[in-house]
Amino acid sequence: MAKLTLGIIGGGQLGSMLCIAAKKIGINTIIFCDDENAPGKNFCDEFIFGKYESISNIEEFSKKVDLVTYEFENIPYETLKYINKIKKVLPKPKINKIIQNRLTEKDFLNSCNIRTVNYVSINSYKDLKSNSNLLPGILKTCTMGYDGKGQIKINSDNNLEDIVINKDEKYILEKIVNIKKEISIIITRYGQNKFEIYEPIENLHEDQILKYSKIPANIGNEILEKSTDWAKIISEELDYIGTLCVEYFIDKNDNLYVNEVAPRVHNSGHLTINTHNVNQFENHIRAICGLEKILTKKICNGKMINLLGEDINVYRNKKFNSNEFFFDYLKKDIKPKRKMGHITILEK
Ligand code: ADP
Ligand code: MG
């Protein structure tokens, strides 16, 4: 059989890791990315540089691949829809449309009877004033945010005056949860009630950016079961194919909330590269390409540390023990708080 060629939109670290996993199982990759210097260039078989709105780039990319997936959710919906007319896009564009907007995402979760934080749509300063019952809160742009970008903490009524509401932007105001712990579940859905699901991962954020992840998560059975059930419900309701991540908050009273859903592989799942026989990237590719589902098993417990900004230089010159695995994303420029690499340390 001729080799399959997988198209990947986006060439960051997730795109790179998808390419590595594809290569391992004999699948070619073509990345389409709007950053000429994207690190994925180092890992794919072919790289197409172009704007995500460019019809000629979209057509060139679509012609060359057998199917298409993506590494991030903020791709114009029209682009995904256009590509989907030429080649199959998985996860389906309409799923991405729901999840790329924090408001429709939370409305969807609540329609599945899944608890989220309290929230309200904000389009004006007046809306903000009249929803002070949700303070202290976080005002987030509905679209395009990641790693805490596009978010403002509002402590109480008194610093409302400092907030600038951009008329061209849509926002959501979320009540702040008194977080005890954050966890995530990575699930790969192959088809109806056909899943590979990783155990909950415990996550620690600093300045709204993921810093550490580890398994096992230090949680009780009830939270473990509920978070697993919700991840299954979400992927089943969306008729999702591929790997998806659900991020959760656990509050001081042990209430579970879904924070957000990522319709893609996820940073908190990087440790699965070393802790499991089949990692989140390979499971994603197997599911979207219709390949055999392999029973996914944990080999070892472990933790992952994200290396942000200049931290990477310390690790580039470091010697590692046999249980330590260092990943350098090979990003061209080092910027403060930018995810530059990670290290996974397996429990001995
Ligand atoms: P991003 O898309 O940037 O990952 P998130 O909504 O996941 O945005 O926010 C990033 C982090 O900020 C969360 O993991 C959490 O630590 C903190 N955070 C976000 N929303 C809330 C909230 N409503 N209450 C408490 N903490 C929050
Ligand atoms: Mg998040």
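Analyst: Helices (H or I, at least four residues) and strands (E, at least two) are DSSP runs, numbered from the N terminus. I273 lies in one such run, helix α8 (residues 272-275). The model is predicted: local features need pLDDT of at least 70, side-chain atom pairs count only at pLDDT 80 or more, and totals for chains, interfaces and linings use all residues. Residues are numbered from 1 along each chain as its sequence is written, chains are lettered from A and ligands numbered from 1 in the order in which they are written, and side-chain values use heavy atoms, without hydrogens or water.

User: Why is I273 called partly exposed?

Analyst: Its relative accessible area is 24%. Buried means under 20%, exposed over 50%, and partly exposed in between, with a 1.4 Å probe and protein chains only. I273 at 24% is therefore partly exposed. Its C-alpha atom is 8.8 Å from that of T344, a residue 71 places away along the chain.

User: Why is E247 called buried?

Analyst: Its relative accessibility is 11%, so E247 counts as buried.

User: How do you know what β14 pairs with?

Analyst: Count the bridges. Two strands pair if DSSP finds at least two bridges between them. β14 and β15 are joined by six, and they run antiparallel. Y248 stands opposite V258 there. β10 and β14 have 10 bridges, also in the antiparallel sense. In that pair, I179 stands opposite D251. The hairpin of β14 and β15 has four residues between the strands, and D254 takes a positive phi near 65°.

User: Which residues come nearest to ligand 1?

Analyst: They are K140, G148, E182, N259 and E260, out of 20 residues around the ligand. A residue is near if one of its heavy atoms lies within 4 Å.

User: What makes the approach of G148 to ligand 1 a polar contact?

Analyst: A polar contact is a pair of N or O atoms within 3.5 Å; within protein, one must be able to donate a hydrogen and the other to accept it, and residues adjacent in sequence count only if both atoms are side-chain atoms. A polar backbone atom of G148 is 2.6 Å from an oxygen atom of ligand 1, so the pair passes. A polar backbone atom of V177 is 3.0 Å from a nitrogen atom of the ligand. An N or O atom in the side chain of N259 is 2.8 Å from a ligand oxygen. Taken alone, ligand 1 exposes 540 Å², and the protein buries 91% of that. These areas come from the Shrake-Rupley method with a 1.4 Å probe; for residues, only the protein chains shown count as cover. The elements giving two or more residues to the shell are β7 (137-141), β9 (171-175), β10 (179-191), β14 and β15.

User: How do you know how many disulfides there are?

Analyst: A search of the whole structure finds zero. A disulfide needs two cysteine sulfur atoms within 2.5 Å. For C33, the nearest cysteine sulfur is that of C44, 9.4 Å away, so C33 is in no disulfide. C33 is buried, at 4% relative accessibility.

User: Why is β3 called an edge strand?

Analyst: β3 (46-49) pairs on one side only, as does β5 (88-89). Their open sheet runs β3-β2-β1-β4-β5, with parallel pairing. Within it, five bridges join β1 (residues 5-9) to β2 (residues 28-33). T5 stands opposite N28, and I9 has F32 as its bridge partner.

User: What makes β1 largely enclosed?

Analyst: Five of its five residues are buried, so the rest of the structure largely encloses β1. T5, G7 and I9 point one way, and L6 and I8 the other.

User: What caps the N-terminal end of α9?

Analyst: N279 does, with a side-chain oxygen 2.8 Å from the backbone nitrogen of F281. Nine of the nine residues of α9 (residues 280-288) are buried, so this helix is largely enclosed too.
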